[in-house]
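Welcome! Let us take a friendly walk through this structure, one stop at a time. Have a look at the picture before reading on.

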Amino acid sequence: MSATAGQAQSERSLAERLGFKPGQVVQEIGYDDDCDEELRASIEAVIGSELVDEDYEDAVDVVVLWWREDDGDLVDGLVDARTPLADGGHIWLLTPKAGRAGHVEPSDIGEAAPTAGLAQTSSMSAARDWSGTRLVAPKVRK
């Protein structure tokens, strides 16, 4: 086995670093030509199926929301993305990195998330041109 093959086996895929797991149902919203195909393929490889589209009508474990500055009102987009989530599900909000067309300021995300009933749990580089922000619905105390 070559050194690079050994490295590849020990390195987690993009999707695994983002916490995707086999068997999850993942809905993709906001797909366009600028989306990162490597990340999409990585997610599908980990979950073992294709991403479902915006028309999917059942509950999902994760929503991947590709969002650009000119896509409209972020609060509305997050509320719409939250609707199909199963209990314990989350949203990966993917936005263009700083300096890229369509960049969304982190402060805009920080303001929109609580208004949409979501809490930000982490942020990371999700792909070469995309930043990822993980958003969850806060647990309801009974």
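Two residues are in contact here when heavy atoms of each lie within 4.5 Å. This is a predicted model, where local features need pLDDT of at least 70 and side-chain atom pairs count only at pLDDT 80 or more, while totals for chains, interfaces and linings use all residues. Residues are numbered from 1 along each chain as its sequence is written, and side-chain values use heavy atoms, with hydrogens and water left out.

Setting aside residues up to four places away in sequence, Thr-121 touches Arg-134 and Val-136. The C-alpha atoms of Thr-121 and Arg-134 are separated by 5.6 Å, although the two residues are 13 residues apart along the chain. Thr-121 belongs to strand S4, residues 119-125; helices (H or I, at least four residues) and strands (E, at least two) are DSSP runs, numbered from the N terminus. With a relative accessible area of 43%, Thr-121 is partly exposed. On this scale, buried means under 20% relative accessible area, exposed means over 50%, and partly exposed is in between (1.4 Å probe, protein chains only).

Next, turn to the interior. A nonpolar core is a set of buried Ala, Val, Leu, Ile, Met, Phe, Trp, Tyr and Cys residues joined through side-chain atoms within 4.5 Å. Which residues of the largest nonpolar core touch the most other members? They are Val-63, Leu-65, Leu-74, Leu-78, Ile-91 and Leu-93, out of 20 residues in that core. Strand S2 (60-66), helix H4 (74-82), strand S3 (85-96) and helix H5 (106-115) are the elements that give two or more residues to this core. H4 gives the most, with four residues. There is also a second, separate core of 19 residues, and Cys-35, Leu-51, Trp-92 and Ala-127 are among them. Val-63 is in contact with Trp-92, and its other partners beyond four places in sequence include Gln-27, Ile-29 and Ala-81.

Now for the charged residues. Side chains of opposite charge can pair when their charged atoms come close. A salt bridge is counted when a side-chain nitrogen of Lys or Arg is within 4 Å of a carboxyl oxygen of Asp or Glu. How many salt bridges does a search of the whole structure find? It finds six.

One of these salt bridges joins the side chains of Glu-28 and Arg-40, at 2.6 Å from N to O. Glu-28 lies in strand S1 (residues 26-29) and Arg-40 in helix H3 (residues 37-47), so this pair ties together parts that are 12 residues apart in sequence. Are these two residues buried or exposed? Both Glu-28 and Arg-40 are buried, with Arg-40 at 16% relative accessibility. Arg-40 also meets Glu-37 in a salt bridge of 3.0 Å, N to O. Arg-40 and Glu-37 both lie in helix H3, three residues apart, about one turn of the helix. Glu-37 counts as partly exposed, at 39% relative accessibility. Together, Glu-28, Glu-37 and Arg-40 are linked in a network of salt bridges.

Our last stop is another salt bridge, between the side chains of Arg-68 and Asp-34 (2.8 Å, N to O). This pair links distant parts of the chain, 34 residues apart: Arg-68 is in the loop between S2 and H4, and Asp-34 is in the loop between S1 and H3. Arg-68 is buried, with a relative accessible area of 9%, whereas Asp-34 is partly exposed at 38%.
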